Amino acid sequence: MTAIPPREYTILLTHLHKPSSSLPLSTHQSLISHFLAQTPTPTPLTATVISSPLFRPFSHLKLFTLLTAFRHAVHLRLKALENEERGLFTRGIQPRITEWTRSLAKGFNGGQAVIRFVCAGGILLGLKDLKEKWAVDPGAGSVRSKTEDELIIALTEIMELYGAPKDSAWEKEFQPETEHGELDVLALTLLFVAQLLPLVFSERIKVLPLSALSIHLMTTIETSFASGSFLASLPASCSTTSSGRLSLTTPVGPKQPSFPYDGPSPWNQCSSLPGELKAVVSSSLFTAIPSLASITARILPLLNESSPLEAWSTMEAIAMCLEKIASNVENDWAKSALARIQNDDDIALESRDVAANIWTILKTLLFTTIMLSQSILSTITFSPPVTVFLEPKQFLAHPPTHSTLALSTLHVLSRLSFVIAKFGGVTSTRSDGFAELKRVFYSALDVLSADVEASDTFVRSLNAHVPTTSNKGLTPKDSLIRARQAFNLACVEQLVPLLTADTIEHVVFPLCLPHLNDSSHRETYESSHSAILALFAAHALGQPDSTTVAELRGTRVPQSTFVEKIVPFYVRCLLENSADGKLTTPQLRLAFGALISSASASTPTLGQFCLSSLISTLSGLSTTEDAKRRHRLHLVLVSTLSTLPSVLLPDALSAVADAIRDSKGEDLHEMADEVFKEIMENVGDREKEYCLRWWEEQREALGGNLEVECAKGKGKDALVSRL
């Protein structure tokens, strides 16, 4: 006799056959999960759920309800099997739940693709939960494979059905619609793709039309950021309050709807900047951006393995899209008064939530850019040029190259440099710095450096890409300009060995010059000195008696005549920057050592000039008023011992001996420690013997000093032992 189904089951079936229901979706979710789990053959109920008109038209909530229902059904089935009484001949839990899962998937036949996709995804999530939480893996064999296949087939159907351009309203009439105010069907599906596709084995993902899928995902991301126009109303929304603070809540005119249809994007639904930003930050698209970017980043390497030619074209399209978004964002930001705000206290209290939402979106854009750019750079690093994959009769007018994709990445980061500055810039050495950002930045430069001509052209174009101050109300000291300049200098530092002498003299040096003595903005200040030091390092490596990276690559290095021309200037610049608040002592020691090394490589005379300038400056400083600066320069003098040629060592050691005799207290201890360390660790083998003999000669004089300075005995034994 056939068992009579429970009354609740009959009620569920009744509601599933109707296009609307008086029960909330949460109740349907619970009932579906319960009855799927309670029957050992859930195929009929699965088919009823899949074909139910209750979940049409589509909405994010309805689809999420289905996904959760099937996911929880897997959990409940396991608990039901665990609670059953077991006999001697009762099969184990794993084979029974495997059989139940197979029966569950059979009910998908003939169902609508979107519903099949989310339901299959729910099963995969449930199987994953069982493996992670309960150590039960019913998906190890054909069951999981069958479910993954069902998900891939459903996604392919969705892309064919909804991914093609809609050329006519007639075509739309025969396609399912989403609920009012919801995203279109494809965008709605992509929200779940980002969550579910990582569960699928990579080899199965390759059978999808990955190029089209990547473009759809990127289009969805672009829509989330309104193609970079989310700050379009920012300039008009800025005003100054009576207290002199910046307000971001000034009303702007109502937006005109896009004719003939107004899209579902939240950007089109609000006329005020605060309303727009709040709508976007809370939208389902925006909250899904990390997962959308993550799955796109995963797809690109798979696409390159299966279809390299399509992969290169897709990566180029994504890079261009990112560049377009970043360009629009920077242009709108530069026009606003917010770009000139140096301190958050200068923003009115009622506008700080608006500013926080702006920075939330900007930082999300930066993270998205980094994730996608890293995938592109990692993919092309180990891939041959796209021309290798062209057929004999195939021709591309402007094929993407390694350098063009690297340049696109650098241009995007450059335009977002004002956001990057919030993380300390690309050269930040903080322990909590943005490691992924640095990885993308240096990877792009590394890829670009393989193309010498493109590197030189890029550096020559840097000034042209800095936002102008004339038409946007910016000043050279505004944060946007400073951030871009710091980014440009960081690029120059890495590319100096590849640049022509003309580029260095007429582009690089003028780019660095305004910042060498301006320590008010540390990033540009330090980056400008780093770029100049890179110039000297490239010159030293380019001398005939050394093998250089540039020579190995067949590139050109700066002419010695230009280096000789700027050595006196930079010696004076470093000595001026030895004052408090300028270069730190380690920075100053490193810089002066590099300068003397490069100058001496050109001619010992220039090395002698650097040393003499340092000694002359020391002799002109007061022992009382300039005590800290004198000690700092004494340490700089010690650092020159390992960089000077042998012919100049006697003069340098004599000056070091005088510095030690002039030092007292803790300064004396530090001087002796640093001299000993420099001789033992940094001085070359040929010069070390001479330096050690000199060091032995200083023992008596230093010991006498210590009797005076260390009468109490503190630290004396430690220092004398070094002698």
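In this predicted model, helix H9 passes helix H15 in a left-handed crossing. The axes of H9 (residues 185–196) and H15 (residues 289–306) come within 8 Å and cross at roughly 65°, which makes H9 roughly perpendicular to H15. On the side of H9, the residues that meet the other helix are Leu190, Leu191, Val193 and Ala194, and in H15 they are Ser291, Leu292 and Ile295. Sorted by class, this contact of H9 with H15 has 6 nonpolar residues, 1 polar residue and no charged residues.

A further packing involves helix H28 (residues 585–602) and helix H30 (residues 627–639), whose axes lie 9 Å apart at an angle of about 40°. The crossing of H28 and H30 is right-handed. From H28 the contact draws on Thr585, Leu588, Arg589 and Phe592, while H30 brings Arg632, Leu633, Leu635, Val636, Val638 and Ser639. The residues of the contact of H28 with H30 comprise 6 nonpolar, 2 polar and 2 charged ones.

The report now turns to aromatic rings. A pair of aromatic rings is described by the distance of the centres and the angle of the planes. The model holds 17 aromatic pairs, counting rings whose centres lie within 6.5 Å. The table sets out two of these pairs.

| Pair | Centre to centre | Angle between planes | Class |
|---|---|---|---|
| Trp333 and Phe418 | 4.9 Å | 20° | stacked |
| Phe676 and Trp695 | 6.1 Å | 50° | tilted |

The pair of Trp333, in helix H16 (residues 308–335), and Phe418, in helix H19 (residues 417–420), links distant parts of the chain that are 85 residues apart. Trp333 counts as buried at 3% relative accessibility, and Phe418 is buried too, with a relative accessible area of 4%. Phe676 lies in helix H32 (residues 665–682) and Trp695 in helix H33 (residues 685–697), so their pair ties together parts that are 19 residues apart in sequence. Phe676 counts as partly exposed at 22% relative accessibility, whereas Trp695, at 4%, counts as buried. Elsewhere, Phe225, Phe230 and Phe286 form one aromatic cluster.

Finally, Val447 lies in helix H20 (residues 435–448). Because its relative accessible area is 11%, under the limit of 20%, Val447 is buried. Leaving aside residues up to four places away in sequence, Val447 touches Leu377, Ile380, Thr381, His402 and Ala406. Val447 and Thr404 are 43 residues apart in sequence, and their C-alpha atoms are 9.6 Å apart in space.

Terms used:
Residues are numbered from 1 along each chain as its sequence is written. This is a predicted model: local features need pLDDT of at least 70, side-chain atom pairs count only at pLDDT 80 or more; totals for chains, interfaces and linings use all residues. Side-chain values use heavy atoms; hydrogens and water are left out. Helices (H or I, at least four residues) and strands (E, at least two) are DSSP runs, numbered from the N terminus. Buried means under 20% relative accessible area, exposed over 50%, partly exposed in between (1.4 Å probe, protein chains only). Contact means heavy atoms within 4.5 Å. Axes are lines fitted to C-alpha atoms, for helices over the stretch in contact, and angles run from 0 to 180 degrees between N-to-C directions. Angles under 35 degrees count as roughly parallel, over 145 as roughly antiparallel, 65 to 115 as roughly perpendicular and the rest as oblique. A crossing is left-handed if the near helix is turned anticlockwise from the far one by less than a right angle, and right-handed if clockwise. Ala, Val, Leu, Ile, Met, Phe, Trp, Tyr, Cys and Pro count as nonpolar, Asp, Glu, Lys and Arg as charged, and the others, Gly among them, as polar. Rings of Phe, Tyr and Trp (its six-membered ring) pair if their centres lie within 6.5 Å; planes under 30 degrees apart count as stacked, over 60 as edge-to-face and the rest as tilted.
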